[in-house]
Amino acid sequence: MHPSHNIWLPTLEEGQARVYVAGEIISRPEKTADQFFVIQQGQARVFLCADNKELTIGYLKPNSIYVTHTRAWIEAVTDTEIMSWPIRQLKALMSVKPEIAVSAMQEIGTMLRNTLDIIEDLAFRSVEARLARYLLMEYNEQKQTTIKLIGNTEILASLLGTTRQTFSTIINRMIKEGILNRADRQCLTLLNLTYLAQLAKGMSAS
């Protein structure tokens with residue numbers, strides 16, 4: 001459990017556990033009762049959808065917390081178990097223990113910061129720079145140079161705000177240039193961290 005969760009989650013009544021299979025929708029706009037949940041196991045994708053187009057804005061991993069009162073969709077990328085509570089329970093708890101609101105706001109602040117990072121990437125960084133930042137982020141989280149990718153090529157392209165074809169072209173070029181090596185379909189080995197770090201700093205209006 002995330003350290004800040006230890007402060008207030010144990011004070012709630014037992015939540016409702018549910019398992020979603022890969023590809024199943026966990027939450028959809030305006031069709032889910034207001035609740036918050038914690039990812040117990042698995043991974044889920046947060047995305048926006050309009051006019052048959054999708055934009056991935058982030059991922060939820062074990063111990064991630066999420067409030068469903070948004071316009072985003074949540075999809076299980078792998079078999080995913082969540083523990084959920086009605087939002088009224090959190091509101092009631094905050095009314096008698098205001099200090100819990102500070103911890104909850106820290107969680108919300110983290111999600112907002114991550115969202116702003118994604119918006120900044122889409123607005124100011126090239127696709128190559130966004131890919132480099134993503135690879136380095138996964139390297140730091142997984143703590144190894146061979147990283148496991150989240151989802152398929154189409155989902156990753158959506159996360160980076162590009163097309164599947166462009167994403168594949170950049171990956172293949174980096175492999176030819178000796179920057180990456182494809183260990184298998186779901187894994188990439190980062191061979192040149194220095195180059196990726198320099199690329200990640202590049203700013204572009206394209």
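Q: OK, strands β4 and β5. In which sense do they pair, and over how many bridges?
A: Antiparallel, over 7 bridges. Strand β4 covers residues 44-50. Strand β5 covers residues 53-60.

Q: What stands opposite F47?
A: T56, in β5.

Q: And how many residues sit between β4 and β5?
A: There are 2, and the two strands form a hairpin. D51 is in the turn, with a positive phi of about 55 degrees.

Q: What about β10 and β11, which sense there?
A: Those strands pair in the antiparallel sense, over 4 bridges. Strand β10 is residues 180-184 and strand β11 is residues 187-190. They form a hairpin with 2 residues between them.

Q: Which residue is the bridge partner of N181?
A: T189, in β11.

Q: Where does N63 lie?
A: In the loop between β5 and β6, where β6 is 65-67. N63 counts as partly exposed because its relative accessibility is 31%.

Q: Then K143. What's its phi?
A: About 60 degrees, positive, and K143 is not a glycine either. K143 is in the loop between α4 (127-142) and β9 (146-148).

Q: Is K143 buried or exposed?
A: Exposed, at 70% relative accessibility. The cut-off for exposed is over 50%.

Q: Switching to charges. How many salt bridges does the structure hold?
A: The structure holds 6.

Q: Which residue forms a salt bridge with E138?
A: K61 does. The closest N and O atoms are 3.2 Å apart. E138 lies in helix α4 and K61 in the loop between β5 and β6, so the pair ties together parts that are 77 residues apart in sequence.

Q: E138 first: buried or exposed?
A: Buried, because its relative accessible area is 2%. K61 counts as buried at 19%, and the cut-off for buried is under 20%.

Q: Where do R173 and E128 meet?
A: Their side chains meet in a salt bridge, at 3.5 Å from N to O. This pair links distant parts of the chain, 45 residues apart. R173 is in helix α6 and E128 is in helix α4.

Q: How exposed is R173?
A: Partly exposed, with a relative accessible area of 35%. E128 is also partly exposed, at 25%.

Q: What about E177, which residue is its salt-bridge partner?
A: R173 again, with the closest N and O atoms 3.9 Å apart. E177 is partly exposed because its relative accessibility is 48%.

Q: Where is T166?
A: In helix α6, which spans residues 164-176. T166 counts as partly exposed, at 32% relative accessibility.

Q: What joins the side chains of T166 and T163?
A: A polar contact of 2.9 Å.

Q: How far apart are T166 and E128 in space?
A: 9.8 Å, C-alpha to C-alpha. In sequence they are 38 residues apart.

Q: New topic, the surface. Which residues make a nonpolar patch?
A: L112, L116 and I119 make one of about 290 Å².

Q: Where does I119 lie?
A: In helix α3, residues 99-124. I119 is partly exposed, with a relative accessible area of 47%.

Q: Last one, confidence. What's the mean pLDDT of the protein?
A: It is 82, and 86% of the residues reach 70 or more.

Q: Which element has the lowest mean pLDDT, and which the highest?
A: Helix α1, residues 5-8, has the lowest, at 60. Helix α6 has the highest, at 94. Where pLDDT is low, the predicted coordinates should not be read in detail.

Key: Residues numbered from 1 in each chain as written. Predicted model: local features only at pLDDT ≥ 70, side-chain atom pairs only at ≥ 80, totals over all residues. Heavy atoms only, no water. Buried < 20%, exposed > 50% of the residue type's maximum accessible area, 1.4 Å probe, protein only. Polar contact = N/O pair within 3.5 Å; in protein donor to acceptor, adjacent residues only side chain to side chain. pLDDT = per-residue confidence, 0-100. Patch = residues over 30% accessible without salt bridge, like charges linked within 9 Å, V, L, I, M, F, W, Y side chains within 5 Å. Areas by Shrake-Rupley, 256 points an atom, 1.4 Å probe, with all protein chains shown as cover. Salt bridge = Lys/Arg side-chain N within 4 Å of Asp/Glu carboxyl O. Pairing = 2+ DSSP bridges.
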